[in-house]
Amino acid sequence: MPIQEKEKKIVFKLLLFAVAFLAEGAGIHILSYFVRMNLIFALLFILSFQIPLMARTFFTDIRKRAVCRLFSIILFTSGMIIFLACYGRNNFMDSMAVVDPDTAGKEKYQPFYDVSVIAKLEEPSELQLRAEDGLPVINGSSTLFPLYASIVNMIYPEDIGELNEEGSPFRYGDTASAFDELLSGKTDLVFSEYPENGVLSRAEKQGIELSLTPIGYEAFVFYVNSVNEIESLSVEELQDIYSGHILNWMELGGDDEEIVAFQQASGSRAQERIIQFMNGTSLMEAGQELTIIPEEGITGKNSEYLNLKGAIGFTYLQYASNINIDKGMKLLQISGVEPDPEQIASETYALSDPIYCISVKGRQEANIEKILTWMNSSQGKRLMEKAGYVPD
């Protein structure tokens, strides 16, 4: 092959490599960190073999060819270091990973199962509903599923059928579908936070009068690595973190450590709550690696929260109570106030969220009134505490 054609092929290869490295340098974040590092390794590996071939084409001097061979060995060694470091980082992060408590599997909270982790009282419930009296269909938001599942377990008969089974009074979907079923007559009682204006306006248009009975509180909380020196942040500081205005813990009095702010899947209850928490301030975009994504709400396998030194995440108190402290996580105070039951119930804790039982007036009123009365009893309040919520 003529030298000129060889030169053209070699120059073309060099241009391809240059474009690949420039693209990597520009940050093509469609690919994960792991894939991008392996791409660099592959490029260095190929270059380490191409450089000696190019040297034989362009140089006749033995010393220059030797220098090129040395350079190719350096490239190959660098590629191997990147490859091994990438796998080492991946294994390190796996060792730091914990399943995010905001996305616990609903299988764990099934009533009437021996293996269930559902909250239970030591003694039988003073209220026992009977199927022949007509059982109210219960539904609710995903964050309150452990609560109303435990209520079903205590006061409903065992032969009610499986969750979401045709004819079963035990339902689960998400907050929006729960209210859809309430307004359409498929559900009688919804456990939820205060309904959005859209739900209230739809009810008014349909001539439906809703009854909202407060029964307790849940709390929105933020958690960090336990080695983080920061114990308390204000609402404004947290908003600055999640808007991207504060990027290092040193700006808040902590160590010189980059803040790794995790978010949750779009449409999840916790992600909707952080958007509400931002109070109109734009939430920064989170890359795929910083998004905790449940496949099916609280029903499926979850991606993982990495408890890095600079990490911060958010969830609800009920799930936060399941955080493994031995894995080095702690809850943050908000402006010096702990998210403990007393502060939450008094709403001194800034992120206390009231919980309601919501029903339609004139529908299943007798049995719903029995449930609400029992929820306000000593047994109902103790069950609520055991489930990880704060009774009213």
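**Aromatics, strands and cores**

A: Phe220, Phe222, Tyr242, Phe277, Phe314 and Tyr316 form one aromatic cluster. Rings of Phe, Tyr and Trp (its six-membered ring) pair if their centres lie within 6.5 Å; planes under 30 degrees apart are stacked, over 60 edge-to-face, and the rest tilted.

Q: What should I know about the model and the numbering?
A: The model is predicted, with local features needing pLDDT of at least 70 and side-chain atom pairs counted only at pLDDT 80 or more, while totals for chains, interfaces and linings use all residues. Residues are numbered from 1 along each chain as its sequence is written, and side-chain values use heavy atoms, leaving out hydrogens and water.

Q: How many aromatic pairs does a search of the whole structure find?
A: The search gives 14. One of them is Tyr148 with Phe170, an edge-to-face pair at 6.2 Å centre to centre and 80° between the planes. Tyr148 sits in helix α4 (residues 145–155) and Phe170 in the loop between α4 and α5 (175–184), 22 residues apart. Helices (H or I, at least four residues) and strands (E, at least two) are DSSP runs numbered from the N terminus.

Q: Is Tyr148 buried or exposed?
A: Buried, with a relative accessible area of 0%. Phe170 counts as buried too, at 2%. The cut-offs for relative accessible area are under 20% for buried, over 50% for exposed and partly exposed in between (1.4 Å probe, protein chains only).

Q: Switching to strands, which ones run antiparallel to β13?
A: Strand β3 (residues 189–192) is joined to β13 by four bridges, and β4 (residues 210–225) pairs with β13 over nine bridges. For strands to pair, DSSP has to find at least two bridges between them.

Q: And which residue stands opposite Cys357?
A: That's Phe191, while Ala219 stands opposite Ser352. Eight of the nine residues in β13 (352–360) are buried.

Q: Which residues touch the most other members in the largest nonpolar core?
A: Ile155, Tyr156, Phe191 and Trp374, in a core of 36 residues. A nonpolar core is a set of buried Ala, Val, Leu, Ile, Met, Phe, Trp, Tyr and Cys residues joined through side-chain atoms within 4.5 Å. The largest share, eight residues, comes from α4. Apart from this core lies another, of 33 residues, including Leu233 and Val337.

Q: What covers the buried residues of α8?
A: The cover includes β4, α7 (235–243), β7 (263–264), β10 (311–316) and β13, going by contact, meaning heavy atoms within 4.5 Å. Among the buried residues of α8 (269–277) are Arg269, Ile274 and Phe277.
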